[in-house]
Amino acid sequence: GERALLQSIAATLRRVLIGFGLATLIGVPLGILAGSWRMVEASAAPLALLGRNVPIAALIPLTILWFGIEETQKVRFIFLACVPFIFTDAVIAVIAVHDRYVETAQTLGATSRQVIMKVLVPLALPDIYKSLRALFGLAFGYIMLAELINAKHGLGYLLSTSQRRGLTEHIFLILLIIGVLAFTIDRLLLWFQRGLFPYQAKED
């Protein structure tokens, strides 16, 4: 019924928000550090490359082995699926900041920490945010995979039960809801982007 649908939407959103939020909290600061200090980048790059190239479906059995089949597995699956991409995109955004800004700050006597906090982070943030917006859409797709296995609620769970019962119209309805939700979240994130970085709004 309607209550089960709302419960499933809430469960899906909660899993994505927690998993993606944790991936952002770890991936962005590490990416900024790695982009600022090439030594960190050199040691983290192989791990990030591995993470980016592991087929997402392969992470499901792995996370089940590590974390069981309860709620934690779904959140950590999203975390593991997203953190290599968030990290790499943050590194790229920091490296893309033009050297002249760093050189100017150093000429004015800025310390390494000030260069990172006052030059690299503010200039890289618009690109980092843009990448997070795109990756959140991916995470929303990934959760459907995780919810096919042992979920009590969630849009992916509804999809698999509708498929098992042969309810084609339910499948179309759930796909429509997923599309509308993903689009609404993206528009909301774009609205925040324009508020946070108004000078970039003309580019989008």
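A residue counts as buried when its relative accessible area is under 20%, as exposed when that area is over 50%, and as partly exposed in between, with a 1.4 Å probe and protein chains only. The model is predicted, with local features requiring pLDDT of at least 70 and side-chain atom pairs counting only at pLDDT 80 or more, while totals for chains, interfaces and linings use all residues. Residues are numbered from 1 along each chain as its sequence is written, and side-chain values use heavy atoms, with hydrogens and water left out.

**Whole chain.** Of the 204 residues, 40% count as buried. Among contacts (heavy atoms within 4.5 Å) between residues at least 6 apart in sequence, 76% join residues at least 24 apart.

**Ser8.** Select Ser8, which lies in helix H1. Ser8 is buried because its relative accessible area is 1%. Leaving aside residues up to four places away in sequence, Ser8 touches His153, Gly154, Leu155 and Leu158.

**H1 and H8.** Next, select residues 2-36 (H1) and 168-196 (H8), which pack at an angle of about 45 degrees with their axes 12 Å apart. Axes are lines fitted to C-alpha atoms, for helices over the stretch in contact, and angles run from 0 to 180 degrees between N-to-C directions. The two helices, H1 and H8, are therefore oblique to each other, the term for angles that are not under 35 degrees (roughly parallel), over 145 (roughly antiparallel) or 65 to 115 (roughly perpendicular). Show the side chains of Leu5, Ile9 and Leu13 in H1, which meet Ile177, Leu181 and Ile185 in H8. By class, this contact has 6 nonpolar, no polar and no charged residues; Ala, Val, Leu, Ile, Met, Phe, Trp, Tyr, Cys and Pro count as nonpolar, Asp, Glu, Lys and Arg as charged, and the others, Gly among them, as polar.

**H7.** Finally, select residues 155-165, helix H7, whose buried residues are Leu155, Gly156, Leu158, Leu159, Ser160, Thr161 and Ser162. These buried residues pack against H1, helix H6 (112-146) and H8. End at Gly166, which follows H7 and has a positive phi, near 70 degrees.

Note on methods:
Helices (H or I, at least four residues) and strands (E, at least two) are DSSP runs, numbered from the N terminus.
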